[in-house]
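Reader: I'd like to go through this model with you and ask what stands behind each label. Could you start with the overall fold?

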Amino acid sequence: MSPAATRRLTTAQALVRFLAAQHTERDGVRHRLIAGTWGIFGHGNVAGVGQALVEYADVMPYHQGRSEQAMVHAAVGHARQLNRLSAQAVTTSIGPGATNLVTGAALATVNRLPVLLLPGDYFASHATDPLLQQLEHPVEADVSVNDTLRPVSRYFDRVTRPEALIASALRAMRVLTDPAETGAVTLALPQDVQAEAYDWPEEFFADRVWRVRRPAPDPVELAEAVRAVRAAGRPLIVVGGGVHHSEAEQALKSLVDATGIPVASTQAGKGSLRHDHPADLGGIGHTGTTVSDDLARTADLVIGVGTRYSDFTTASGTLFQHPDVRFLNLNITAFDAHKLAARTLVCDARAGLTALTDALSGHRMDAAYETEYRTGKARWDEAVQAAFRADDDSAVPTQTQVLGALDAVVGDEDVVINAAGSLPGDLHKLWRARSPRQYHLEYGYSCMGYEIPAALGVQQAAPGTPVWALVGDGTYLMNPTEIVTAVQENLPVKLVLVQNHGYASIGGLSESVGAERFGTDYRHRVADGSFTGAPLPVDLAANAASLGMDVLRAKTVRELREALTTARAATRPTCVYVETAPAQAAPPAEAWWDVPVAEVSARKAATDARAQYERAVADRRHHL
């Protein structure tokens, strides 16, 4: 028997060739698994992965980043836009380049979104210890700074020998493509091993297809779920991001059309139904709509589909108040399905919703219940119109009027991205999502600085689609660097930069919990040491222009509408800069959020806030 064919390559070269041959397939549609690699090079990866990317530029697209964290955000945006069926890799040097990945990795894993991290690592041979940027541990010689990525990765390995890559790379692909386990995957690559040659089996480089499964519900669990739904008088569906990841929107609509059960959405689930569907009640929880939260308080069965039940969704355990409320959770991840002591359907969202619809044939909600929630929806639609409306086109717009102007400009196919600040609350309450991917809120980690790089990843995944990054001044100052990449790659993202001189969201929260807005405004320091002077004279529009963006300044509602229209048609990266009026036109929170308040204080603001806190926390329930 002749020996198996081999190919002599470095470890880094072999990894790049391997990644280029990986694919996913679901419902008969094939995608490239690793669509490209983001990279910033230093001594930990320049001669290994960097050289391999030059060697195989014909099969592995390369994207130049400016911030390691931002590169992960871009990859996450790409994966989310493509329903987790395609991902990107991110390579960095050792030391600070690698540790800058941690925040992005946490965001990916919290949101169950795949990204492959390839940080350089110290010499596996220890021949040059301590090398530049090495953290020496006195009793654990195998520890490096890359170990900070372990708790935020769904799979982690340090590849200390070339041949070890074979098993490790295959395990990494399994996790990236597993809908129940996916998140950040880290392969730490010692720089000497990256450059070491090995005779690799040709089979390692063969095209490989990872089929993304759609597990069906267990028949016993399905029967119990059907009994629970048929017995419920006031059921409410709460949809999360799993509906989108599974491409289950039509299956959800079929269930709702057949039964009349209303739907409320988490930040990740918004858009699962179009906003104008009669059963779509909008957001739920602390930033939810009046109609959603009112129904949640009286629901006797809550049907969670693809949701993690964060504290914003449950109003920190105070929202679902019916004395006999029960939960039915449909989730591909058993860990999430069992939350709130629920009956479970551990399965794919589309498969589970389809099976549930078939099994509920002929069952429909009482007409009075449908009339009730449709009436509440109509009232909320009037509240949205009031928040969006601007009676004076020559006035400085409020933040909600900025959203109203954008709502009037975007098309059904546009993607609107946000993650942090006061915008997520306003968007969750007010935005009228018109398609499954239009509403892109990263609120699992709510990471400031996500929006601009994520817009790049989404734009790469959906060329020709208008992509909007909505950013406040606080978030912009965290991470604007990928504007340079957008210009370099000619990605025509649209940045809406809202200037309100500080951390508006945390400022409001600070006031409500007795911290008196301390440290939340961007203002000069005055004689008593407080930051209560005039606003800082920063010009963020000029900064965006200096990084290569076309910038449109809008001072009035009329100018804002015109600027947004121009930006949507632009073929270059374009920024619409608007300073907003301080008045807040958004409806107030409809449900509580638990942020513990100082139990003792000499300041009245804190003692008053504590009294209110104790009244609110008394409504918390432990669902058993």
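Author: Gladly! The protein chain has 24 helices and 23 strands, where helices (H or I, at least four residues) and strands (E, at least two) are DSSP runs numbered from the N terminus. This is a predicted model, in which local features need pLDDT of at least 70 and side-chain atom pairs pLDDT 80 or more, while totals for chains, interfaces and linings use all residues. Residues are numbered from 1 along each chain as its sequence is written, and side-chain values use heavy atoms, leaving out hydrogens and water.

Reader: Why are strand S8 and strand S9 said to pair?

Author: Pairing asks for at least two bridges found by DSSP between two strands. S8 (residues 155–158) and S9 (residues 184–190) have 4 bridges, in the parallel sense. The chain crosses from S8 through helix H6 (residues 164–177) to S9 in a right-handed β-α-β crossover; that is, with the strands pointing away from the viewer, the path from the first strand over the helix to the second runs clockwise.

Reader: How do you know that Arg26 and Glu247 meet in a salt bridge?

Author: The definition wants a side-chain nitrogen of Lys or Arg within 4 Å of a carboxyl oxygen of Asp or Glu. For Arg26 and Glu247, the N to O value is 2.7 Å, so the pair qualifies. Arg26 sits in strand S2 and Glu247 in the loop between helices H9 and H10, 221 residues apart.

Reader: Why is Arg26 called buried, and what is Glu247 called?

Author: Buried means under 20% relative accessible area, exposed over 50%, and partly exposed in between (1.4 Å probe, protein chains only). Arg26 has 7%, so it is buried. Glu247 has 30%, so it is partly exposed.

Reader: What makes Asp393 and Arg561 a salt bridge?

Author: Their closest N and O atoms are 3.1 Å apart, so they also meet the cut-off. Asp393 lies in the loop between helices H15 and H16 and Arg561 in helix H23, so the pair ties together parts 168 residues apart in sequence. At 25%, Asp393 is partly exposed, and Arg561, at 32%, is partly exposed too.
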